[in-house]
Amino acid sequence: MPPEQRLHLIVYVDNLFLKPFSRNTVNREVSRFLQLNTRPGDQVMVVSFNRSFKIDQPFTSDMRLAERALEGMQKSNAFGQQQLSERRAVIERIENARSLGEAQSHADFFAKSLHNDAENSIRALKELVGSLGGLPGRKALLYVSEGLPMAAGEELFALVDLRHGKTASSQLMSNRYQLRREFRELVAKANANRVTFYALDAAGSGSHASLSAEYGRSEGSYVEIAFLEDANRQEPLMALAEGTGGRAILNTNNFGGGLDDVASDLDTYYSLGYAPATAGDGRYHTIEVRVKRRGLTVRHRSGYRAKTAETRMDDGTLAALLYGASINPLGVEVRLGRPTAAERGNFTVPVEVRIPLGSLALVPQGDQYHGRLRVSVAVMDDEGETSPPAQQPFPIAVPSAEIERARDGFYTYEASLLMRPGSHYLAVGVSD
């Protein structure tokens, strides 16, 4: 399969916003989805978030390994049940509070904690989609959770107003915990790196009823607050999916049916190309797509970032380092010299990057042929610590009289890397 058509699918299980039973139920459906709908050459990675990011299975075309990673999560923690218990305790405290200030303090304490958890989840998602930029082909992220809050604790401040009278101070406190800007940034980051979100709400279709029971009341106002909570946690899922051209699976216990729709998406895709007037300016640009035939709609990304050549090179180097995405059209060779001891127990490692001159675009100017290269180098140690790519531009000049002989040779770029003891992974990028 050509690299530009290969699918890289990331199954992302957010244990911070999942109950164990919900996660295990959905993971079984995701395993079935992978068995039935992946094609030879497709690459699947399984990751989880549990206040820290973990790659449970690196990219693989062996779906049995991906399924084992999903099955292995049954033994790991999921904090949705704990979050639910804490919410119920806060609701009871708000109900029994003797003053407006006391009720607000209970809501504020929970909202602050929930906001921190949501920020951590968003930050981990941003880092992941940022690392995917250099991967070739199609990239999709199946995000599994029971929803993230768009405004942490919004429904609890509404409950405070219901029990103790509506005030501007409750609204002001609630506004502190808005996450709308963070989700917009995540959508922009995903679009910049051509990642499509598919969001699956593992809470299922019974969530409204369970939320109403959470408040212990059936009166209209309490039901409205329960619906507000439901909408608050589903809005980000819809925003991530719609902003990146994907789908959100909401309000259903038929997870398999929703995943079948995702499979249809991944199997029937389109590609639109055009030459923008602002290529490589580094800015984010919105996109509008119209169809000529009536009655048809098209889902697409809300925008893209016109990355600079330097940024694209960094992305490619990191993709090679983190995911083994190796593309070498120039026929570059990398050779490592013998390490020598350096101060503080470190080592200096010589690196030679040999670039075939016959693969480069050399332009005649006067009595010489000129070219310009850029080399990027990144290193990761055996603990996963990664150095940011270091780029070095340099010119090439070959006398016209020697150009034919030079085309059969190499240009060699030399560097020395300072490394700590242990195993390391090295990635090199070359741009003509």
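This is a predicted model: local features need pLDDT of at least 70, side-chain atom pairs count only at pLDDT 80 or more; totals for chains, interfaces and linings use all residues.
Is Ala-390 buried, exposed or partly exposed? Ala-390 is partly exposed, with a relative accessible area of 48%; here buried means under 20% relative accessible area, exposed over 50%, and partly exposed in between (1.4 Å probe, protein chains only).

Residues are numbered from 1 along each chain as its sequence is written, and side-chain values use heavy atoms, with hydrogens and water left out.

**First stop: Ala-390**

Select residues 390–399, which form strand E14 and include Ala-390. Helices (H or I, at least four residues) and strands (E, at least two) are DSSP runs, numbered from the N terminus. Contact means heavy atoms within 4.5 Å. The C-alpha atoms of Val-375 and Ala-390 are separated by 8.1 Å, and the two residues lie 15 residues apart along the chain.

**Second stop: the sheet**

Turn to the open sheet of six strands, whose order is E3-E2-E1-E4-E5-E6 and whose pairing is mixed. Two strands pair if DSSP finds at least two bridges between them. At the edges, strand E3 (53–60) and strand E6 (248–249) each pair on one side only.

Select strand E1 (residues 7–14) together with strand E4 (residues 138–145); they pair in the parallel sense over seven bridges. Val-11 has Leu-142 as its bridge partner in E4, and His-8 has Lys-139. E4 is also joined to E5 by seven bridges, and these strands run parallel. The bridge partner of Leu-142 in E5 is Tyr-198.

Now display the side chains of E4. In a regular strand the side chains alternate between the two faces of the sheet. From E4, Arg-138, Ala-140, Leu-142 and Val-144 point one way, and Lys-139, Leu-141, Tyr-143 and Ser-145 the other way. Eight of the eight residues of E4 are buried.

Two packed helices are described by the angle between their axes and the distance between the axes. Select helix H4 (residues 100–131) and helix H7 (residues 180–192), whose axes come within 9 Å and cross at roughly 15°. Axes are lines fitted to C-alpha atoms, for helices over the stretch in contact, and angles run from 0 to 180 degrees between N-to-C directions. H4 and H7 are therefore roughly parallel to each other, a term for angles under 35 degrees, with over 145 counting as roughly antiparallel, 65 to 115 as roughly perpendicular and the rest as oblique.

To view the contact, show Glu-119, Ile-122, Leu-125, Lys-126, Val-129 and Gly-130 in H4, which meet Glu-182, Phe-183, Glu-185, Leu-186, Lys-189 and Ala-190 in H7.

**Last stop: helices H1 and H2**

Finally, select helix H1 (residues 20–37) and helix H2 (residues 63–72). Their axes come within 10 Å and cross at roughly 175°, so H1 and H2 are roughly antiparallel to each other. On H1, the contact is made by Asn-27, Val-30, Ser-31, Leu-34 and Gln-35, and on H2 by Met-63, Ala-66, Glu-67 and Leu-70.
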